Amino acid sequence: MSTDQAVGGRTEELLRLAERYAAHNYHPLPVVIERGEGCWVTDVDGARYLDMLSAYSALNFGHRHPRLVDAAHRQLDALTLTSRAFHNDAFPVFCRDLAELAGKEMVLTMNTGAEAVETAIKTARRWGYDVKGVAPDRARIVVADGNFHGRTVTIVGFSDDPAARDGFGPFTPGFVSVPYGDVDALRAAIDEDTVAFLVEPIQGEAGVVIPPDGYLRAARELCSDRGVLLMADEIQSGLGRTGTTFACEHEGVVPDVYIVGKALGGGIMPLSAVVADREVLGVFRPGEHGSTFGGNPLACAIGIEVIDLLRSGEFQRNSAELGAWLLGELRAANVPTVTEVRGRGLWIGIDLAPSAGTARQACERLMTAGILAKDTHESTIRLAPPLVIERGELEWALERLLPVLASAA
Ligand SMILES: Cc1ncc(COP(=O)(O)O)c(C=O)c1O
């Protein structure tokens, strides 16, 4: 591990290529990664960094977890793609395993998170018409302010983030947004045409925002009373990130629909899914929805192994224990430039005072100290290391993190 790492020759050359040839839809830190193992990555000039972002939780099991890489290799040597025109031998097993993990009856596989959210939206609308009896084209879905569910036109249409939304209209109708954490607002927004409440149990991109205690439970009761599907977007919060398999478990809540992605593909393949009971997912008939790559054998073989890793409970435990420790240390450090530290499991948001400069500048300083983390919304740094991280590695990170947080821009 190195500190005070400098941008070297190959890095500069590759940054120039990216600047010139890649669309500027991201603003990455100026690091070009070549190798990864566990919690650590190495850049093209040989500098090592601790990965404290985990590809937005897609790398919950770290880089190249040996069991996941083995599963991928085995499947690569056998079969990679069939499309859903035919069956393959990994898909049904994966669907069974994921359904059992979630305690539900059916699974609909896609690839990216946004596709799974779109799938959940279509599921809710169709369920609304076929099962609830909503009049044609009247279905409404309630979402929460500050949401982040992906980047399709429909999804950014109900975002309140101008950067995500502005300039991409016109948008899909049928959505209404209410303040996150406010169950009275949710109650007031539900009417006879409401088919679903789509919500992140913890809002990740908003800055690891945890709703007030009891919110999800109250939303669950309300949705049950009013015949509305509770759809939990667990794409970032799920699969061990918060110390439990699903973040909804912290309130003992079982949603009608789980939406999962990111870590489901083990950091190797895009793999996402909607998971629900037959009464809900049974609404689809052949030809009404799908994806060429959804349910491909390579992703499914990795997904089967991911679910087996989660069954051990070891990643959830590590996340809960080390997350509580890290949160305690960050709070106890009482850094004057830090205005709030929030978190659940190994998922932490740190708000900086203006005197510390922007969160982006802090992430650039962290990079120089050998830690890769990501800012969100100007003043928040979020930390989400791989769940395989060890206490010693977090101690190493904390020693470097605290001075960076304390230093003014
Ligand atoms: C809660 C949530 N939903 C959906 C998505 C979209 O996932 P993807 O980028 O795979 O489309 C994200 C991505 O960050 C997310 O955090």
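Ala299 touches Met269, Pro270 and Leu271, leaving out residues up to four places away in sequence. Contact here means heavy atoms within 4.5 Å. Ala299 is found in helix α11. Helices are DSSP runs of H or I with at least four residues, strands are runs of E with at least two, and both are numbered from the N terminus. Ala299 has a relative accessible area of 0% and is therefore buried. Buried means under 20% relative accessible area, exposed means over 50%, and partly exposed lies in between (1.4 Å probe, protein chains only). From C-alpha to C-alpha, Ala299 and Thr358 are 38 Å apart in space, and they are 59 residues apart in sequence.

The model is predicted: local features need pLDDT of at least 70, side-chain atom pairs count only at pLDDT 80 or more, and totals for chains, interfaces and linings use all residues. Residues are numbered from 1 along each chain as its sequence is written, and side-chain values use heavy atoms, with hydrogens and water left out.

His65 lies in the loop between α2 (54-57) and α3 (66-76). His65 counts as buried because its relative accessibility is 15%. Not counting residues up to four places away in sequence, His65 touches Leu309, Phe315 and Val388.

In soluble globular proteins, nonpolar side chains tend to be buried together. A nonpolar core is a set of buried Ala, Val, Leu, Ile, Met, Phe, Trp, Tyr and Cys residues joined through side-chain atoms within 4.5 Å. The largest such core has 71 residues, of which Met52, Leu98, Leu330, Ile350, Ile381, Leu383 and Leu405 touch the most other members. Helix α11 (residues 297-311) gives the most to this core, with 8 residues. Beyond its neighbours within four places in sequence, Ile350 is in contact with Leu330, Val338, Glu340, Val341, Ser379, Thr380, Ile381, Leu383 and Leu405. Another core, of 30 residues, lies apart from the largest one and includes Val117, Val143, Leu229 and Met231.

A polar side-chain atom of Asp233 lies 2.6 Å from a ligand nitrogen atom. An N or O atom in the side chain of Lys262 is 2.8 Å from an oxygen atom of the ligand. A polar backbone atom of Gly113 is also 2.8 Å from a ligand oxygen atom. The ligand has 390 Å² of accessible area on its own, and the protein covers 82% of this area. Accessible areas come from the Shrake-Rupley method with a 1.4 Å probe.

Notes: Polar contact = N/O pair within 3.5 Å; in protein donor to acceptor, adjacent residues only side chain to side chain.
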